[in-house]
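Subject: the model, plus some notes

Hi,

Here is the structure I said I would pass on.

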Amino acid sequence: DTPANDEETSQAERDESFDLEKLLKSSKELSTVSFIATRTLELIDSEETKFSEMAAIIESDQALSALVLKVINSPFYSLAKKITEIHRALVFLGFEGTKSLFIGLLALSLLRPRHSPMAIDRGLFWEHSLAVAILSQNLAIDAGLDNPDELFVHGLLHDIGKTAINQYLKGEYDKVYQASIEEKLPLNQVEVQILGMDHALVGGKLLENWGLPSSLADSTVDHH
């Protein structure tokens, strides 16, 4: 929302270089799923798929395997014993849980900064995203909803617009964060004043551009 008075308005200059259409166009290439990712999703959707088959193809990608094990062994799952095998991790998550987690991890990894620093601590960003994902899932379960795994993905990707903006601006996003901190204003408010839109809108448009469900894009846009 637009601030009600000048005291609540950021004094940072508007960044005229930010272009949502160019951002979406550049991210279109990032949304090209690798063979491994595509094959895994196909296996998950097949009624005849076995966990061993999924595990075998995921294990062929070292980075993906590491991500899955990192998530399953995070404090949020409170496992009594650490899981070190992909097959066991998939069995624990189940088919729907695996699908939701995989889509979320894939989307986040597609926008992983390559040559520019994150404006925020990447570790904290990951922990926050995972915490929101699991909280959303647990609330859905407690409420008796039919789609707790879907809400896990919603929570995991709610801030994906931040990584998209950061990658597009090649590190210049840090200036937006600094303005938010120095002027003690909400980040999304400063984003609107400097970039013309906030990370929630950018994230929603990005997910929509990738052809993901409208409910996922809508929840991302409306999460603030």
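First, the ground rules. This is a predicted model, so local features need pLDDT of at least 70 and side-chain atom pairs count only at pLDDT 80 or more, while totals for chains, interfaces and linings use all residues. Residues are numbered from 1 along each chain as its sequence is written, and side-chain values use heavy atoms, with hydrogens and water left out.

**The fold**

The chain has 12 helices and zero strands (DSSP runs numbered from the N terminus: H or I of at least four residues for helices, E of at least two for strands). Of its 224 residues, 46% are buried (buried is under 20% relative accessible area, exposed is over 50%, and partly exposed is in between, with a 1.4 Å probe and protein chains only). Taking contacts (heavy atoms within 4.5 Å) between residues at least 6 apart in sequence, 66% join residues at least 24 apart.

**Two helix pairs**

Two packed helices are described by the angle between their axes and the distance between the axes. The axes are lines fitted to C-alpha atoms, for helices over the stretch in contact, and the angles run from 0 to 180 degrees between N-to-C directions.

Helix 9 (173–182) and helix 10 (187–195) pack at about 125°, their axes 9 Å apart. That makes helix 9 oblique to helix 10 (under 35 degrees is roughly parallel, over 145 roughly antiparallel, 65 to 115 roughly perpendicular, and the rest oblique). From helix 9, Tyr-173, Val-176, Tyr-177, Ala-179 and Ser-180 meet Leu-187, Val-190, Glu-191 and Ile-194 of helix 10. By class, this contact has seven nonpolar, one polar and one charged residues (Ala, Val, Leu, Ile, Met, Phe, Trp, Tyr, Cys and Pro are nonpolar, Asp, Glu, Lys and Arg charged, and the others, Gly among them, polar).

Helix 7 (residues 148–156) packs on helix 12 (residues 214–221) at about 45°, with the axes 9 Å apart, so these helices are oblique to each other as well. Here Glu-150, Val-153 and His-154 of helix 7 meet Ser-215, Leu-216 and Ser-219 of helix 12. The residues of that contact are two nonpolar, three polar and one charged.

**Salt bridges**

How many salt bridges does the structure hold? There are two, counting a side-chain nitrogen of Lys or Arg within 4 Å of a carboxyl oxygen of Asp or Glu. One joins Asp-159 and Lys-162 at 3.4 Å, N to O, and both of these residues are buried. In the other, Glu-172 pairs with Lys-175, the closest N and O atoms being 2.7 Å apart. Glu-172 is partly exposed, at 37% relative accessible area, and Lys-175 is exposed, at 57%.

**Two single residues**

Lys-184 has a phi near 55°, a positive value in a residue other than glycine. You will find Lys-184 in the loop between helix 9 and helix 10. Is Lys-184 buried or exposed? It counts as exposed, because its relative accessibility is 75%.

Thr-98 sits in helix 5 (residues 86–110) and counts as buried, at 3% relative accessibility. Leaving out residues up to four places away in sequence, Thr-98 touches Ile-44, Met-54, Leu-90 and Leu-93.

Cheers
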